[in-house]
There are 2 protein chains.
Amino acid sequence: MKQIEKLTKGQSVILASGSPRRKELLSQAGFSYHVMVSDVEEVITETNPAKVVMSLSLQKASDVAEKCLDGIIIGADTVVAMEGVILGKPKDEKDAFLMLKRLSGTTHSVFTGVCIICKKEGQIVDKKVFYEETKVTMYPLEEEEILDYIASKEPMDKAGAYAIQGKAGIFIKEIKGDYYNVVGLPIGRLVQELKDFG
Amino acid sequence: MKQIEKLTKGQSVILASGSPRRKELLSQAGFSYHVMVSDVEEVITETNPAKVVMSLSLQKASDVAEKCLDGIIIGADTVVAMEGVILGKPKDEKDAFLMLKRLSGTTHSVFTGVCIICKKEGQIVDKKVFYEETKVTMYPLEEEEILDYIASKEPMDKAGAYAIQGKAGIFIKEIKGDYYNVVGLPIGRLVQELKDFG
């Protein structure tokens with residue numbers, strides 16, 4: 001849409017993430033963009049989930065920004081948090097089972113941190129880091145349902161071992177917050193933040 | 001998934017709706033189904049949005065059920081409601097503009113009614129009607145953003161003149177309830193209701 005072109009003022013948009021979900025969300029919103037995946041080694045020094053995702057999104061965007069002369073660079077990171085414990089991607093099927101068992105019938109939070117960096121002629125002229133939290137409540141899951149879901153392989157590369165936009169959609173009773181934040185990028189908030197950026 | 005086959009106990013599932021969104025949601029959840037679009041003339045005698053969508057989903061499912069001997073027939077209807085006023089699909093672009101202007105910066109409700117009818121050997125053996133409500137909060141929209149969105153044609157066949165799963169995703173600040181209910185079918189609740197059905 002024209003409004004998105006206006007937002008980015010003709011600058012290139014660079015997504016510092018290889019996630020196919022984030023790419024789809026940027027396209028759905030009407031952005032034109034390039035992808036440059038950061039190869040930075042992620043360093044976690046925080047335990048607070050909001051701080052973790054902001055720090056990791058900043059690391060990814062900064063790494064890619066170093067390699068660009070001009071453009072708007074967007075980094076993002078998503079984690080699932082429950083009772084102070086951060087759930088990343090499951091290590092194996094057993095780990096996925098334990099995560100889903102833990103999330104069954106309860107409410108957890110999904111945090112996505114986003115970092116936007118604007119570079120012009122090699123200089124950083126603006127930088128923002130923010131996060132969104134969405135609360136997600138799951139129906140109680142039977143063990144058979146969990147095993148059936150794991151057999152679909154969908155959980156294996158997802159934070160918290162589920163994809164709300166996939167087969168796990170039927171497990172979700174309700175959410176409070178932005179749905180796209182759970183998918184991996186709070187696209188509405190991103191547009192709002194770009195309105196007075198760069 | 002096997003769990004979905006178990007739910008429907010080998011019976012055919014018939015979706016009494018031609019909506020491409022509802023078809024996608026049933027497929028995403030793992031249902032095998034046929035489509036039989038109801039040609040019943042929708043009669044609205046209610047003003048309460050929950051009663052309206054339940055009544056219309058019942059009319060659609062009943063109409064299709066009359067033409068089937070066996071199967072699980074699913075009817076659904078979605079409306080947007082704000083301050084007691086029901087917003088259906090916009091009549092024209094001006095109507096879409098007025099609806100979006102009204103929804104801008106505020107919270108409204110999306111109601112989807114669902115009717116499930118189980119028929120065996122020509123007899124109705126079970127029937128359920130329920131609804132889900134999701135509250136949706138939009139960011140304030142500039143007139144230019146609304147006009148740009150209308151130019152995309154996306155609003156024209158959508159209740160409330162927007163598609164949360166489309167370009168209007170960036171207009172949404174938060175929701176409370178089931179996301180898929182806003183898209184047109186509360187798929188998680190449907191699975192729960194099927195657990196003790198038929």
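Helices (H or I, at least four residues) and strands (E, at least two) are DSSP runs, numbered from the N terminus. This is a predicted model, in which local features need pLDDT of at least 70, side-chain atom pairs count only at pLDDT 80 or more, and totals for chains, interfaces and linings use all residues. Residues are numbered from 1 along each chain as its sequence is written, chains are lettered from A and ligands numbered from 1 in the order in which they are written, and side-chain values use heavy atoms, with hydrogens and water left out.

**View 1. A:Lys9 and B:Glu83 sit in loops.** A:Lys9 lies in the loop between helix 1 (2–8) and strand 1 (13–15) of chain A. Its phi is positive, about 50°, although A:Lys9 is not a glycine. B:Glu83 is placed in the loop between strand 3 (71–82) and strand 4 (85–87) of chain B. B:Glu83 also has a positive phi of about 50° and is not a glycine.

**View 2. A:Arg21 forms a salt bridge with A:Asp157.** A salt bridge is a side-chain nitrogen of Lys or Arg within 4 Å of a carboxyl oxygen of Asp or Glu. Here the closest N and O atoms are 3.7 Å apart. The pair links distant parts of the chain, 136 residues apart. A:Arg21 belongs to helix 2 (residues 20–29) of chain A. A:Asp157 is in the loop between helix 5 (143–151) and strand 7 of chain A. Over all chains, the whole structure holds 34 salt bridges.

**View 3. Chain B meets chain A.** The contact (heavy atoms within 4.5 Å) takes 34 residues from chain B and 35 residues from chain A. The two chains bury about 3200 Å² between them, 52% of it on carbon and sulfur atoms. Buried area is the accessible area (1.4 Å probe) that two parts lose on being put together, summed over both. Of the interface residues of chain B, 100% are also interface residues in chain A, so the copies meet through the same surface.

**View 4. Salt bridges join the two chains.** Between chain B and chain A there are 8 salt bridges. One of them pairs B:Lys176 with A:Glu174, with the closest N and O atoms 3.3 Å apart. On chain B, the elements that each supply at least two residues of the side touching chain A include helix 1 (2–8), helix 5 (143–151) and strand 7 (172–177). By class, that side of chain B has 13 nonpolar, 8 polar and 13 charged residues. Ala, Val, Leu, Ile, Met, Phe, Trp, Tyr, Cys and Pro count as nonpolar, Asp, Glu, Lys and Arg as charged, and the others, Gly among them, as polar.

**View 5. Strand 7 of chain A joins strand 7 of chain B.** The two strands run antiparallel, joined by 3 bridges. Strands pair if DSSP finds at least two bridges between them. A:Lys176 stands opposite B:Lys176. A:Gly177 stands opposite B:Ile175. Within chain B, strand 6 (residues 123–138) pairs with strand 7 in the antiparallel sense over 4 bridges. There, B:Lys135 has B:Lys176 as its bridge partner.

View 6. Chain B can be laid on chain A by a turn of 180° and a shift of 0.0 Å along the axis, with an RMSD of 0.0 Å. Copies are superposed by least squares on the C-alpha atoms of residues with pLDDT of at least 70 in both. Of the residues of chain B, B:Lys176 comes closest to the axis, at 2.2 Å (C-alpha).
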